[in-house]
Each structure stands twice: as structure tokens, then as C-alpha cells.
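Here is a short walk through one model. Keep the sequence and the 3D view side by side as you read.

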Amino acid sequence: METVQKHTPRDAHFFLVLFKTTFIISAFTVGGGYVIIPLLKGKFVDEYHWITDKDALDMVAIAQSMPGVVAANCSIILGYRMAGILGTITALVATVLPCLITLTIISYCYDFFIQNEYIKMILKGMQCGATALIVNVGINLLVKQCKKKLILPLLIIAVTFIGSVWMQWNIMELVLADGVIGFLFMRAVKYN
């Protein structure tokens, strides 16, 4: 078993190692932000010993509760924990850069993709499938609320649906109003 070289913020190579490691993890992680979490733990807790298991769990909990992409939130917290603002910038740039490179390459090939009939058919199929999944989730949630036989959640669903589809109300205002109503009137155990 080889000895792991520990880097500290005082080490001249620390930022290079932080950038390289975070970049590689981000570049080869497919499946979303939650997939990146065990890889970050494996490198920064188990291999480099820069943070503890408890720090990693706290980081994940905070990253999940913050708005935005979980991988970027983890990088921000990790970088700040390791080396302040400069560490944050280093880790965040290294996390976002692989995505930007990939999207840039795809954007240069966009005309090819958009004009290719096979790609068009694949994208249309994916749109239909995604629509079906969203409708399925909506129906399942509605059925669960109907089984509970509680008036307030059914009223919120009906008013939100009618307001969005027929009245053309702003969806963000509807979500905000639903959240306020839930906070004020749905604290009872029967709503959980």
C-alpha cells in the first residue's frame, strides 16, 4: 500500500491538486450531482484526508439544502473549507469546466444534430417519454391525495391546475402561494 501524500493549503501544489482532482471527478461523473458525492468523499476524505467523514456528511447535507446544482454546491463548500475564497473559486471552476467544454463541443455540432433526422426522432421520442413520466407522477400524486380525502390539498391542486392551464397565471406566483398556504394551514399531522 503506497503512502498518500497529504497536501495542505500551505503546500505550493495544493491548488493544482484540488483543481485536477475536482476536474477529473466532474469530467467522468455521469448521472447528476448525487453521483459525484461518493467520489468526492473517496478522494478528499479517504485518500487525501483533507476532511473528515463528518465534514463530508455536513457538506452533503448543506449542498442538498441550498438552491443550485449539488456538485457545484459541494465544490463551493469543499473549496471554502480547504482554502477560503481561492479554494472555492478553484474547486468551482474545476467542477463547472468539464460541463462547459462538453456543451461547447455539442453547440458547435448543433447544426449537424438538429438537421439529422435520426437525432430528431430520438429527441421527439425522449420528449414524449419525459412528458409521460411527468404526467404519471402528477396522476400518482393526485391519486394519493384523493385517497387521503382531505379537502385543502385537493383544493390547492385544483386551483393551481386551473390557474396555470386556463387562467394563464404565473407559475412561480402559484408555487409561492401554494407554499405559503402549505406553511400556514398544513402543519397538522394528517397532512403528512
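**A walk through the helices**

The side chains of Lys-43 and Glu-47 form a salt bridge, 3.0 Å from N to O. The term means a side-chain nitrogen of Lys or Arg within 4 Å of a carboxyl oxygen of Asp or Glu. By this rule there are three salt bridges. Lys-43 and Glu-47 sit four residues apart in helix H2 (residues 33–47), so about one helical turn separates them. Helices here are DSSP runs (H or I, at least four residues), numbered from the N terminus.

This is a predicted model: local features need pLDDT of at least 70, side-chain atom pairs count only at pLDDT 80 or more, and totals for chains, interfaces and linings use all residues. Residues are numbered from 1 along each chain as its sequence is written, and side-chain values use heavy atoms, leaving out hydrogens and water.

Now turn to helix H4 (residues 70–108). H4 has 39 residues, yet its end C-alpha atoms are only 27 Å apart. A straight helix would reach 57 Å at 1.5 Å a residue. H4 has a kink of about 145 degrees, centred on Ala-83.

Next come H7 (residues 151–165) and H8 (residues 171–185). They pack at about 170 degrees, with axes 10 Å apart. That makes H7 roughly antiparallel to H8, a label for angles over 145 degrees. In H7, Leu-152, Ile-156, Thr-160, Gly-163 and Ser-164 meet Ile-171, Leu-174, Asp-178, Ile-181 and Phe-185 in H8. Contact means heavy atoms within 4.5 Å. These residues divide into six nonpolar, three polar and one charged.

Methods. Axes fitted to C-alpha atoms, helices over the stretch in contact; angles between N-to-C directions. Helix = DSSP H or I, 4+ residues; strand = E, 2+ residues; numbered from the N terminus. Parallel < 35°, antiparallel > 145°, perpendicular 65-115°, else oblique. Nonpolar A, V, L, I, M, F, W, Y, C, P; charged D, E, K, R; others polar. Expected span 1.5 Å × (residues − 1). Bend = angle between axes of the 7 residues up to and from the residue.
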